[in-house]
Amino acid sequence: MKKRVISILICTVMMFGMMTVFAFADTPKIITWTDVYGIESPYAGEYPDYVGIYRCNYEEDDYAVKPADINPNSYWKNGILWEDETTDTYLTPGVDKFIEGHVYHVTFHVMAGDGYEFYATDDDSGNSVHSYFNYQQVDNRSTSQFDRLKYLISRYTFSPCAKRIEKVELNFA
């Protein structure tokens with residue numbers, strides 16, 4: 001009888017321990033802002049930059065946000081898409097270069113990591129996350145075709161493309 005009481009007590013303690021794990025297991029951490037930085041401005045004659053650094057309000061966790069490569073076409077790379085507004089065309093990574101005087105958009109597609117979600121309002125207006133690109137706030141785009149709690153699409157427009165100035169020589173004669 002004593003063994004039976006002890007085994008029932010141990011089973012009860014184990015069940016309560018499991019219940020607390022189940023209660024907190026489904027609560028994701030909420031992402032309120034994201035930043036993609038380290039992408040260079042477009043300069044005439046150069047290739048677009050497709051390597052960005054992704055971060056959010058959980059900076060201690062490198063896997064809270066990451067690039068979302070869910071677009072199967074050849075224009076996206078590392079969750080980044082470049083578009084030439086002047087000609088209304090997408091740039092192909094490693095093929096197309098920037099053209100002087102053209103205006104370019106960069107769109108970045110961010111995905112929340114496991115155990116994380118983007119903050120969203122109760123209505124269907126989309127994400128309520130503040131997005132930044134190279135530390136400048138940008139607007140989020142519609143995510144209706146994707147789960148708005150898991151995916152975020154943002155876009156930044158650059159001023160017209162110029163040539164990079166490598167060296168300036170001053171001659172005082």
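Is R155 buried, partly exposed or exposed? In this predicted model, in which local features need pLDDT of at least 70, side-chain atom pairs count only at pLDDT 80 or more, and totals for chains, interfaces and linings use all residues, R155 is partly exposed, with a relative accessible area of 23%. Residues are numbered from 1 along each chain as its sequence is written, and side-chain values use heavy atoms, with hydrogens and water left out. Buried denotes under 20% relative accessible area, exposed over 50%, and partly exposed the range in between, computed with a 1.4 Å probe on protein chains only.

The protein chain has a mean pLDDT (the predictor's confidence in each residue, from 0 to 100) of 80, and 82% of its residues reach 70 or more. Confidence is lowest in helix α1 (residues 2-25), at a mean of 69, and highest in strand β6 (residues 89-90), at 94; helices (H or I, at least four residues) and strands (E, at least two) are DSSP runs, numbered from the N terminus. Where pLDDT is low, the predicted coordinates should not be read in detail.

The structure holds 2 salt bridges, a salt bridge being a side-chain nitrogen of Lys or Arg within 4 Å of a carboxyl oxygen of Asp or Glu. In one of them, the side chains of R55 and D35 meet at 3.2 Å, N to O. Because R55 belongs to strand β3 and D35 to strand β2, this pair ties together parts that are 20 residues apart in sequence. R55 counts as partly exposed, at 22% relative accessibility, whereas D35 is buried, with a relative accessible area of 2%.

A salt bridge also joins the side chains of E83 and R155, at 3.6 Å, N to O. This pair links distant parts of the chain, with E83 in strand β5 (residues 80-84) and R155 in strand β11 (residues 151-157), 72 residues apart. E83 counts as buried, at 13% relative accessibility.

When residues up to four places away in sequence are not counted, D49 touches G38, I39, E40, I80 and W82, where contact means heavy atoms within 4.5 Å. The side chain of D49 also reaches the backbone nitrogen of V51, at 3.1 Å.

Notes: Polar contact = N/O pair within 3.5 Å; in protein donor to acceptor, adjacent residues only side chain to side chain.
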